[in-house]
Amino acid sequence: MTMDVRLLRIDSRLLHGQVTTNWAKAIHVNRILVVSDRVARDLTRKTLIVQAAPPGIRTHVVTLEKMIRIYHDPRFNVLKPMILVENAVDARCIVEGGIRVDSINIGAISFDNTRVMVTDAIAVNADDVEAFKWFHDHGIKLDVRKVSNDSSKNLWKALSEKGLV
């Protein structure tokens, strides 16, 4: 038996308001794990993220390495977490570290001058595309939904239509 990961979500905003509350209720999580080396080192951001957690759901900010370690530690098998990462590269890192998921939810990835828009809320760069190719090659579904009751869109299809894969 291992930890029952209820959702692995890529969202550059990490934990935020209604989106997090919606998912936490819909998939019955007992923990939110924000996995980011950058945020784990930034006390201000870490504090703000923990304060933004939905009432009644404990939230922790951990490094990628610590996430992989606790996933493999039987003491944490009672967790039914939603795991939030900022980008596809971090998601790939923890999945390569052994965290098992059938699909990855992609919320929003912010645009910057290194990225190209592939949907109205998702911008990707070359590293993201490589990570998404890796997930696709490993049979992991790329599910684009802001909240749980939105209709699912397949990111692979959007990447294909833009000629990125």
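Modeller: A residue is called buried when its relative accessible area is under 20%, exposed when that area is over 50%, and partly exposed in between. This is a predicted model.

Colleague: Start with L14. Why does L14 count as buried?

Modeller: Its relative accessibility is 1%. The cut-off is under 20%. L14 therefore counts as buried.

Colleague: Where is L14 in the fold?

Modeller: In the loop that joins β1 to α1 (17-27). Its backbone also stands out: L14 is not a glycine, yet phi is positive, about 60°.

Colleague: Which loop holds H28?

Modeller: The loop between α1 and β2 holds H28. H28 is not a glycine either, and its phi is positive at about 55°.

Colleague: Is H28 buried or exposed, and how do you know?

Modeller: Relative accessibility is 58% for H28. Exposed begins over 50%. So H28 counts as exposed.

Colleague: Then K46. What makes K46 partly exposed?

Modeller: Its relative accessible area is 29%. Under 20% would be buried and over 50% exposed, so a value in between is partly exposed. K46 belongs to helix α3 (residues 43-51).

Colleague: What does K46 touch beyond its neighbours within four places in sequence?

Modeller: V39, A40 and V61. Contact here means heavy atoms within 4.5 Å. For a distance, take S36: 10 residues from K46 along the chain, with 9.7 Å between the C-alpha atoms.

Colleague: Why is L142 called buried?

Modeller: The relative accessible area of L142 is 3%. That is set against a limit of under 20%, and L142 is buried. Strand β8 (residues 141-144) contains L142.

Colleague: Which residues does L142 touch, leaving out those up to four places away?

Modeller: I104, I106, F132, F135, K153, N154, L155 and W156. G97 is 45 residues from L142 in sequence, and their C-alpha atoms are 19 Å apart.

Colleague: Now helix α5. Which of its residues are buried?

Modeller: In α5 (residues 88-96), the buried ones are A88, D90, A91, I94 and V95.

Colleague: How do you know where these buried residues sit around the axis of α5?

Modeller: Look down that axis. The buried residues fall within an arc of 160°, so they line one face of α5. An α-helix has 3.6 residues a turn, so residues three or four places apart point the same way.

Colleague: Step back to the whole chain. How many helices and strands are there?

Modeller: 7 helices and 9 strands. Buried residues account for 48% of the 165 residues.

Colleague: What makes the radius of gyration agree with a compact globule?

Modeller: For 165 residues, a compact globule would come near 15 Å; the chain has 15 Å, which agrees. The C-alpha trace spans about 45 × 30 × 30 Å along its principal axes.

Colleague: What share of contacts joins residues at least 24 apart?

Modeller: 72%, counted among contacts between residues at least 6 apart in sequence.

Colleague: And the surface and charges?

Modeller: The accessible surface is about 8,600 Å², and carbon and sulfur atoms hold 51% of that area. The chain carries 24 positive and 19 negative charges, and their mean positions lie 6 Å apart.

Notes
Residues are numbered from 1 along each chain as its sequence is written. This is a predicted model: local features need pLDDT of at least 70, side-chain atom pairs count only at pLDDT 80 or more; totals for chains, interfaces and linings use all residues. Side-chain values use heavy atoms; hydrogens and water are left out. Helices (H or I, at least four residues) and strands (E, at least two) are DSSP runs, numbered from the N terminus. The radius of gyration is taken over C-alpha atoms; the globule rule is 2.2 Å times the number of residues to the power 0.38. Buried means under 20% relative accessible area, exposed over 50%, partly exposed in between (1.4 Å probe, protein chains only). Accessible areas come from the Shrake-Rupley method with a 1.4 Å probe; for residues, only the protein chains shown count as cover. Lys and Arg count as positive and Asp and Glu as negative; His and the chain ends are not counted. The place of a charge is taken as NZ of Lys, CZ of Arg, CG of Asp or CD of Glu. The arc is that of the directions from the helix axis to the C-beta atoms.
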